[in-house]
Amino acid sequence: FNTLDDFHFEDKTVLLRVDINCPLDKETLKLTDDNRIRHIVPTVRELLDDGAKVVIIAHQGRPGDWDFIDLQQHAECLSKYLSKQVRYVDDILGDVAISEIKNLTPGNVIMLKNIRELPYELEKKSAEEHANSELVKTLAPLFDYYVNDAFATAHRSQCSLVGPPCVLPSAVGRLMEKELTALSSVFSDTNHPSVFILGGSKFSDSIKVMDRALTSKAADIIILVGLTASAFLVARGVDVGEPSRKALEAELTPETLDAAKKLLRERGEHILLPFDVAVEEDGKRKNMLVGDLPINAPIYDIGKGSIEKFTKVIDPAKTVFMSGPAGLIEKEQFTAGTRDLMTAMAHSDAYTLLGGGHTVGAAERFGMSERFSYVSTAGGALETFILGKPLPAVEALRKK
Ligand code: 3PG
């Protein structure tokens, strides 16, 4: 595929897709971490310095989710890092957006509305089908180039990722280039024992990763934490209690439950689950054995004993990959699982790789992000890459 080195951007209008999907505070809906925004600065700056007119498209959350919000804060934050105003335009395909794009002058940048406002953005379609969308048909004639710097979403075959490269000369941005280069050199030669720590809330994604990681022998041991662990406890027949069951509702379908049961049955000896958890009672952290569940309080972290047990597994590993936090890191009293497992990774001699917006954000907050071999801005895309599966957004760029 092409990189920024392959084109001259002076006076050209560039459609730049980035991934600045950030963790938010659930109450204030303010960004709690801007790591991904900082990582796209080199690409934006280079394009602007080259005299391009840059139009940024990006997403935040998914429709229906609490973190599906507009990109006003993102634009303000990027303005701060660029020392240049990134005007937020609350429109994508309407007259307002079109006139803003047409009136852009070289060296200036705007950011359009959350691209997932378009109902077809999330539809799983081929690149060619997406190229026929209203998005591509309306915007493509206004642009000279498409640049994709959204490595963290490269595993999705979504409209703004795979459609434009079918019709516009396209390139990867600097971040995408860096991630692909670093990860390619790393995963061609995995050292064993290899431990994967999978957490967070995207349980249906974790299931697929586990299956392939174990089949392909990319992972020898998988440690489950976060909501993913709770889901597997349910699959094992544990009653986690009403609040945790509710938290799992969206992802825990009969299909994912069956898949989890199958993994436990067939690959159980490679899967480690917490034997104790931390719940919130009267605003406080309380340790509890899994055997003593259910409880009418939410599980927000793995327990003390499990942290110790997992630390011993991480210690002799030669490769450790962590994606997804171990607990609700937005609340200080539930950061212990994530923080302590990261500390164990940092102390080990293993090649350590951290992925996932929330995970990387946590490492930053703990002041630990310098202590890993490589820190990716991606979660799901990184996992897809590790497992040797094609990344639709990268494939779409390759074709051109
Ligand atoms: C991510 O955070 O993994 C990417 O932004 C993709 O988000 P998604 O899982 O909602 O598609």
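This is a predicted model: local features need pLDDT of at least 70, side-chain atom pairs count only at pLDDT 80 or more; totals for chains, interfaces and linings use all residues.
In strand 11, Asn-287 is the bridge partner of Ala-278. On strand 12, Ala-278 has Asp-301 as its bridge partner.

## The antiparallel sheet

Strand 10 spans residues 276-281 and strand 11 spans residues 284-289; six bridges join the two, and they run antiparallel. Strand 10 also pairs with strand 12, residues 299-302, in the antiparallel sense, here over three bridges. A further pairing on that side is Val-277, whose bridge partner in strand 12 is Ile-302.

Together these three strands form an open sheet in the order 11-10-12, with antiparallel pairing. Strand 11 and strand 12 are the edge strands, each pairing on one side only. Direction ignored, neighbouring strands of this sheet are turned by 35° against each other on average.

The hairpin of strand 10 and strand 11 has two residues between the strands, and in this hairpin Asp-282 takes a positive phi near 50°.

A second open sheet is formed by six strands in the order 9-8-7-13-14-15, and its pairing is parallel. Its edges are strand 9 (271-272) and strand 15 (374-375), each of which pairs on one side only.

Within this sheet, strand 7 (residues 194-198) and strand 8 (residues 221-224) run parallel and are joined by four bridges. Ile-197 stands opposite Ile-223 in strand 8. Helix 9, made of residues 203-215, lies across strand 7 and strand 8 and runs at about 170° to strand 7.

## Two helix contacts

Two packed helices are described by the angle between their axes and the distance between the axes. The table gives these values for two pairs.

| Helix pair | Angle between axes | Axis distance |
|---|---|---|
| Helix 1 (residues 35-49) and helix 2 (residues 72-82) | about 60° | 10 Å |
| Helix 13 (residues 304-314) and helix 14 (residues 336-347) | roughly 20° | within 9 Å |

Helix 1 and helix 2 pack at an angle of about 60°. Helix 1 is therefore oblique to helix 2. The crossing of helix 1 with helix 2 is right-handed. On the helix 1 side the contact is made by Ile-37, Arg-38, Val-41, Val-44 and Arg-45, and on the helix 2 side by His-74, Cys-77, Leu-78, Tyr-81 and Leu-82. Sorted by class, the contact of helix 1 with helix 2 has seven nonpolar residues, one polar residue and two charged residues.

The axes of helix 13 and helix 14 cross at roughly 20°. Helix 13 is therefore roughly parallel to helix 14. The crossing of helix 13 and helix 14 is right-handed. From helix 13, Ile-307, Phe-310, Thr-311 and Ile-314 meet Ala-336, Gly-337, Asp-340, Leu-341, Ala-344 and Met-345 of helix 14. The residues of the contact of helix 13 with helix 14 comprise seven nonpolar, two polar and one charged.

## The ligand shell

The residues surrounding the ligand are Asp-19, Asn-21, Arg-62, Ala-152, Thr-153, Arg-156, Gly-357, Gly-379 and Gly-380. By class, this shell has one nonpolar, five polar and three charged residues.

## Backbone details in the loops

The model has a cis peptide bond from His-192 to Pro-193, with omega near 0°. Pro-193 is found in the loop between helix 8 (174-187) and strand 7, and strand 7 is joined to strand 8 in the parallel sheet.

Another cis peptide bond joins Leu-293 and Pro-294, with omega about 10°.

Leu-29 is not a glycine, yet it has a positive phi of about 60°. Leu-29 lies in the loop between strand 1 (13-17) and helix 1, and helix 1 packs with helix 2.

How values were computed:
Residues are numbered from 1 along each chain as its sequence is written. Two strands pair if DSSP finds at least two bridges between them. Two residues are in contact if their C-beta atoms, placed from the backbone, lie within 7 Å. Axes are lines fitted to C-alpha atoms, for helices over the stretch in contact, and angles run from 0 to 180 degrees between N-to-C directions. A residue is near a molecule or strand if its C-beta atom, placed from the backbone, lies within 6 Å of it. Ala, Val, Leu, Ile, Met, Phe, Trp, Tyr, Cys and Pro count as nonpolar, Asp, Glu, Lys and Arg as charged, and the others, Gly among them, as polar. Angles under 35 degrees count as roughly parallel, over 145 as roughly antiparallel, 65 to 115 as roughly perpendicular and the rest as oblique. A crossing is left-handed if the near helix is turned anticlockwise from the far one by less than a right angle, and right-handed if clockwise.
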